[in-house]
Amino acid sequence: MKIAIPTSELNMVDSHFGHCAGFTVFTIENNAVVNKEVVASGEGCGCKSNIAPILAGMGVTLMLAGSMGEGAVSVLAMNGIQVLRGCSGNIDQVVKDYIDGNLVDDGTCCSHHEGCH
């Protein structure tokens with residue numbers, strides 16, 4: 001399984017998917033992280049960028065995010081990527097919490113898209 005997280009420069013979950021510095025992609029096997037790589041953000045707003053097909057092409061099936069608008073959720077879903085919102089903190093801990101079954105989507109929706117929709 002591959003999980004992507006919108007990431008700030010400090011290895012923290014970026015609270016706004018559409019404007020993050022990049023994405024960290026974790027490869028999970030047997031409930032353990034076996035690889036971690038960084039993918040640069042596409043140009044423009046996340047829901048209008050080409051990041052969803054890029055991540056899907058890498059095999060990503062889950063996005064652990066902070067806040068994300070419904071447009072971005074839809075674009076990711078059309079590319080086979082499920083979204084779990086409401087994540088925060090260190091990205092390694094967030095992935096561990098997911099693996100341990102301690103994360104649930106809280107539906108946190110971004111409402112300030114400044115032209116993204």
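**Note on the predicted model: sheet, salt bridges and cores**

1. Strand S4 (residues 60–64) pairs with S5 in the parallel sense, over three bridges. Two strands count as paired if DSSP finds at least two bridges between them. Helices (H or I, at least four residues) and strands (E, at least two) are DSSP runs, numbered from the N terminus. Within this pairing, Met63 stands opposite Val83 of S5.

2. This is a predicted model, in which local features need pLDDT of at least 70 and side-chain atom pairs count only at pLDDT 80 or more, while totals for chains, interfaces and linings use all residues. Residues are numbered from 1 along each chain as its sequence is written, and side-chain values use heavy atoms, with hydrogens and water left out.

3. The sheet is open and has five strands in the order S3-S2-S1-S4-S5, with mixed pairing. Its edge strands, each pairing on one side only, are S3 (32–40) and S5 (82–84). From one strand to the next the twist averages 25°. Strands of a sheet pair through backbone hydrogen bonds, either parallel or antiparallel.

4. Helix H3 (residues 91–99) lies across S1 (2–7), S2 (22–29), S3, S4 and S5, and runs at about 40° to S2. Axes here are lines fitted to C-alpha atoms, for helices over the stretch in contact, and angles run from 0 to 180 degrees between N-to-C directions. Contact means heavy atoms within 4.5 Å.

5. A search of the whole structure finds three salt bridges, each being a side-chain nitrogen of Lys or Arg within 4 Å of a carboxyl oxygen of Asp or Glu. Asp92 forms one with Lys36, and the closest N and O atoms are 2.9 Å apart. Because Asp92 lies in helix H3 and Lys36 in strand S3, the pair ties together parts that are 56 residues apart in sequence. Asp92 is partly exposed, at 34% relative accessibility, and Lys36 is partly exposed at 41%. For these labels, buried means under 20% relative accessible area, exposed over 50%, and partly exposed in between (1.4 Å probe, protein chains only).

6. Glu70 forms a salt bridge with Arg85, again with the closest N and O atoms 2.9 Å apart. Glu70 lies in helix H2 (residues 70–78) and Arg85 in the loop between S5 and H3, so the pair ties together parts that are 15 residues apart in sequence. Arg85 counts as buried, at 9% relative accessibility, whereas Glu70 is partly exposed at 41%.

7. The side chains of Asp100 and Lys96 also meet in a salt bridge (2.7 Å, N to O). Asp100 has 42% relative accessibility and counts as partly exposed; Lys96 is partly exposed too, with a relative accessible area of 44%.

8. The largest nonpolar core has 18 residues, of which Phe17, Phe23, Leu55, Met63, Met68 and Leu76 touch the most other members. Such a core is a set of buried Ala, Val, Leu, Ile, Met, Phe, Trp, Tyr and Cys residues joined through side-chain atoms within 4.5 Å. S2, H1, S4 and H2 are the elements that give two or more residues to this core. Apart from neighbours within four places in sequence, Leu55 is in contact with Ala4, Phe23, Val25, Val60, Met63 and Ile81. A second, separate core of twelve residues includes Ile3, Cys87, Ile91 and Val94.

9. Pro53 lies in helix H1 (residues 51–57) and is partly exposed at 44% relative accessibility. Pro53 and Ile81 are 28 residues apart in sequence, with 9.4 Å between their C-alpha atoms.
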